[in-house]
Each structure stands twice: as structure tokens, then as C-alpha cells.
Amino acid sequence: MSLYRDEAVVLRTHKLGEADRIVTLLTRSHGRVRAVAKGVRRTRSRFGARVEPFMLIDVQLYTGRTLDVITQVETIGAYGQVIATDYPRYTAGTAMLETAERLTETEREPAVQQFLLLAGGLRTLAGGEHDPGLVLDAYLLRSLAVAGYAPSFTDCARCGAPGPHRGFAVAAGGSVCPACRPPGAAAPHPHTLDLLAALLTGDWAAADASEERRRREGSGLVAAYLQWHLERQVRSLRLVER
Ligand SMILES: [Zn+2]
């Protein structure tokens, strides 16, 4: 038996027996880990509320034969309540957790950048300074970029011809010049592409000033782009009210 300690975001929990839970964590240094939290469903549990989805925790575990076992939990970011009790935040946050799990497919493979993006995204979502839909789209674009699928919103994704270009093709990797533009490419409004570029680079002043219809169009492009790369639909995206 060996003990280790790490920071983690709680991605998901499910019941195990009468009083226990299996908790899926995205940790800073150990990648995605599934662990048992014993006795957390008893009312007198020491750390029940700390191992809920969206929580950022400092956790101590020991390595078990099949699943690791959680022995200590301290709260770093108490995002659970504030996200779970607000519907727009909840649907955006759920899509973030689900995407993080999909982008860290192999358990215990370190994914520091994905952890930092998710922890930062949940903190922003809980803080309530920005529209939850924008927080979600910024997170999705950046986590896709970290996973190696950075979309282009200016230069042609195929030949590199300097943009901006009118065409946008998910399968090509984003903006496409007239020569590379495949049949069926979208033609989003230039301001929509500006918004997505702002979200990718973290330019919140520009993103917050965007129009509602550009946000809606941008969200559609991000969802299409994400689904293309994940190859199967992230279910919770359908719940997000656009
Ligand atoms: Zn081109």
C-alpha cells in the first residue's frame, strides 16, 4: 500500500454499495483516477460534500488493488454548490467535466494542462463574471487546442494563406481560403470568428462585448468542431441552453 497526495477536480461520482461512492477525479499530477470514497453517503461523513462534481480538492489516496481509496480531502475551490444550483452554470459545467473526461481517455496518464484548464474554467464559471456559455466555449476551444486540435480562425487551416477568410470547415480545421474551401463549408459572420479567436486567446474584454447572435453562431461552430474531434457526441452539450 502506498499513499499519495494530489490536487483534483471531481468529474463524476456513482454509488457503491450502501454508503460508499466511486469518484472519478482529474488530478494535477496523476491524470484521471477512479477512487473509492468510503462512507461518504452517511450523514456523519467527514468529507461527503467535498467529493461532489465541480469541487476542486486536495486529496490523499492510497493505491488499492483495483481502485485507489480516498483517505483525506480538503477543499481548495468550493465550486460544487454555486455551479450545481444555477441551471446555465450547471449545464455548462457538466459539459466541461464530460469533455475533460473524454480528452483524458487513458487513466493515470498525466494531463497537467487539461487539469489547469478545467480548474481555471470552473473557477471562472463559479465566479459568475462572464456568461456561462462563453466560459464553456473558451474552455472547449482551449482544451481542444491542448489536445492538439487547435482550430484556425484567421489563416487558412489547409494551406496557411493569410486570412481572414469567409469559409469555415470543421473537417479542415477551421478557416479555409477560397481555393481550399470544401463543398458545404460554413460561412460564419466575421465577428463570430473574432469572438472565437478572443475566447481561444482569453481576450475577455472582446468576448464580453460580443453580440448574442454571434455567441449563438460561435457556440454552434464550437460544438460541431468538438464533436468532429471527439467522434461521438458529448451528451451534455445538448442540455446547454443557447
Ligand atoms: Zn487554403
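The side chains of Arg-28 and Glu-7 form a salt bridge with an N to O distance of 3.3 Å, a salt bridge being a side-chain nitrogen of Lys or Arg within 4 Å of a carboxyl oxygen of Asp or Glu. Glu-7 belongs to strand β1, whereas Arg-28 sits in the loop between β2 (20–27) and β3 (32–37), so the pair ties together parts that are 21 residues apart in sequence. Helices (H or I, at least four residues) and strands (E, at least two) are DSSP runs, numbered from the N terminus. Both partners are partly exposed, Arg-28 at 30% relative accessibility and Glu-7 with a relative accessible area of 25%; buried denotes under 20% relative accessible area, exposed over 50%, and partly exposed in between (1.4 Å probe, protein chains only).

The model is predicted: local features need pLDDT of at least 70, side-chain atom pairs count only at pLDDT 80 or more, and totals for chains, interfaces and linings use all residues. Residues are numbered from 1 along each chain as its sequence is written, and side-chain values use heavy atoms, with hydrogens and water left out.

By the salt-bridge rule the count is 10. Among them is the pair Arg-5 and Asp-58, whose closest N and O atoms are 2.8 Å apart. This pair links distant parts of the chain, with Arg-5 in strand β1 (residues 3–16) and Asp-58 in strand β4 (residues 56–62), 53 residues apart. Arg-5 is partly exposed, its relative accessible area being 44%. Another salt bridge joins Arg-216 to Glu-212, with 3.6 Å between the closest N and O atoms. These two residues are 4 residues apart in helix α7 (residues 212–230) and are therefore separated by about one helical turn. Arg-216 has a relative accessible area of 43% and is partly exposed; Glu-212, at 44% relative accessibility, is also partly exposed.

Strands of a sheet pair through backbone hydrogen bonds, either parallel or antiparallel. Here 5 strands close into a barrel in the order β1-β2-β3-β5-β4, with mixed pairing. Neighbouring strands of this sheet are turned by 50° against each other on average, direction ignored. Two strands pair if DSSP finds at least two bridges between them; β1 and β4 pair in the antiparallel sense over 7 bridges. Tyr-4 has Leu-61 in β4 as its bridge partner.

Contact means heavy atoms within 4.5 Å; axes are lines fitted to C-alpha atoms, for helices over the stretch in contact, and angles run from 0 to 180 degrees between N-to-C directions.
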